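Hello,

Here is the structure I promised to pass on. Please have a look, and my notes follow below.

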Amino acid sequence: MLIRRAEIAPGTLRDLRIVGARIAELAPALPAADDERIIDAGGHALLPGLHDHHLHLRALAAAMASVRCGPPQVHTAEPLRRALQDAAARLAPGDWLRGIGWHESVAGDNDRDWLDAVLPQTPVRLQHRSGRLWLLNSAALERLAPEADAPLERIHGRWSGRLYDADDWLRRRLRGTPPSLLAVSRYLASRGVTGVTDTTHHNRPEALHGFAQARARGELLQCVRVMGDARLDVSADGAERPGVQRGEHKFHLHEHALPEFDALVGAIRGSHVAGRAAAFHCVTRTDLAFALAALREAGTMQGDRIEHASIAPPELIADIAALGLTVVAQPHFIAERGDDYLRDVDPDDQPWLYRLRAFTAAGVALAGSTDAPFGDADPWRAMHAAVSRRSSGGAIVGADEALDAASALRLFLSPLEAPGAGPRRLAVGADADLCLLDRPHAAALADLAAVQVRLTCARGAVIHDSAAAR
């Protein structure tokens with residue numbers, strides 16, 4: 001393939017040839033070979049393919065077939081009721097209804113009785129926006145047939161319908177087939193994404209093989225780095241998994257139920273010995289302080305990282321920098337949830353929400369992600385949010401943390417195995433992971449949210465072509 005007149009840097013036009021999976025030539029002008037596909041970039045920006053450094057592929061695939069139960073689609077109780085009942089009316093008898101994005105701001109702190117009043121016959125499970133809680137109605141509980149020791153909340157000896165931090169239990173009871181990744185993968189390709197890190201903390205060796213099989217079937221078009229629990233420490237690195245990397249040991253902290261400190265330190269050390277860095281889910285000040293203390297005690301290795309760093313006061317940013325950690329942030333949560341944060345987060349913590357510029361100023365490697373499906377899967381909206389810091393209600397949250405547009409774009413250009421290490425470049429010999437935009441660099445940086453992707457290539461193969469879709 002020959003791409004002509006591509007703007008590979010602001011104001012720099014080049015022809016670029018792909019042979020196999022690599023960039024073979026890059027020059028001001030290249031002659032076309034016989035029977036070579038030629039694409040005229042027309043002076044538009046050609047970038048390395050984007051990398052989303054934190055999302056959940058299977059959950060995103062399931063979410064695409066789920067009912068939206070919270071902001072920005074649903075804001076109050078009556079629209080939620082209608083959305084659930086309308087969706088249930090389209091189901092075959094006995095089918096489950098799955099909702100996502102549910103939040104207390106919509107209809108209060110709901111329980112099974114509220115759901116029973118809305119849908120008494122259809123088995124329903126609603127996932128909280130945080131991803132930590134499922135709400136089940138009585139029909140769902142009957143279908144799941146929980147034993148007496150099931151990890152469900154009880155109030156006065158009765159199941160409340162709330163299931164906290166027990167996705168594995170729910171998955172086993174449902175005995176479902178994992179959803180296809182094809183629609184998700186095609187969507188990501190349409191936004192220029194050629195690599196992702198799946199940060200699902202309970203991934204095990206079977207997940208590596210499952211993603212490899214999805215790639216072999218043509219169902220997963222992106223390369224994927226796979227985080228998971230300690231079971232991946234002993235996964236055979238020699239297994240043939242083209243495009244699938246074993247990733248970090250993910251520790252999913254919650255300040256209300258933190259693990260025993262010495263056991264956590266031992267688990268970090270064990271994964272380090274196995275060649276795996278540690279990654280910590282940290283959405284509160286306590287989570288972050290606890291993770292940093294454990295890493296300080298265990299010792300760090302290159303690649304140790306903090307996911308979210310949702311609340312990062314200055315003294316903890318200094319500790320992150322001193323330990324040489326990477327932070328993977330989700331700037332679009334300010335756009336999607338900023339109004340809720342201003343209402344619900346302690347005023348003392350609000351200045352430290354989803355910081356960006358403070359990390360780069362401290363010399364911390366910073367990368368970007370969407371956390372889809374818990375956030376919008378479009379990386380360009382995340383970039384825009386990193387620049388604007390504006391909530392959906394128009395409030396500016398942490399104006400001093402805003403990045404310039406070029407820095408926001410770089411959040412999604414670093415390697416999967418080294419997020420925040422610096423942007424990949426188009427160069428001879430590099431992997432032909434590319435995305436061609438619908439405008440030049442200057443126009444893209446002027447309005448990141450408006451960017452469309454004309455063409456996406458992964459290892460030289462076209463995985464998205466907007467012209468072919470028309």
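**Helix α10 and its neighbours**

In α10, Arg 285, Leu 288, Ala 289, Leu 292 and Arg 296 are in contact (heavy atoms within 4.5 Å) with Glu 315, Leu 316, Asp 319, Ile 320 and Leu 323 of α11. Helices here are DSSP runs of H or I, at least four residues, numbered from the N terminus. By class, this contact has six nonpolar, no polar and four charged residues, where Ala, Val, Leu, Ile, Met, Phe, Trp, Tyr, Cys and Pro count as nonpolar, Asp, Glu, Lys and Arg as charged, and the others, Gly among them, as polar.

Before you read on: this is a predicted model, where local features need pLDDT of at least 70, side-chain atom pairs count only at pLDDT 80 or more, and totals for chains, interfaces and linings use all residues. Residues are numbered from 1 along each chain as its sequence is written, and side-chain values use heavy atoms, leaving out hydrogens and water.

On its other contact, α10 meets helix α9 (residues 261–273) through Phe 290, Ala 293, Ala 294, Leu 295, Glu 297 and Ala 298. From α9 come Phe 261, Leu 264, Val 265, Ile 268 and Arg 269. Nine of the residues in this contact are nonpolar, none polar and two charged.

Trp 380 is worth a look too: leaving aside residues up to four places away in sequence, Trp 380 touches Leu 47, Leu 50, Arg 191, Leu 409, Leu 437, Leu 448, Ala 449, Val 451 and Val 453.

Best wishes

Notes. Helices (H or I, at least four residues) and strands (E, at least two) are DSSP runs, numbered from the N terminus.
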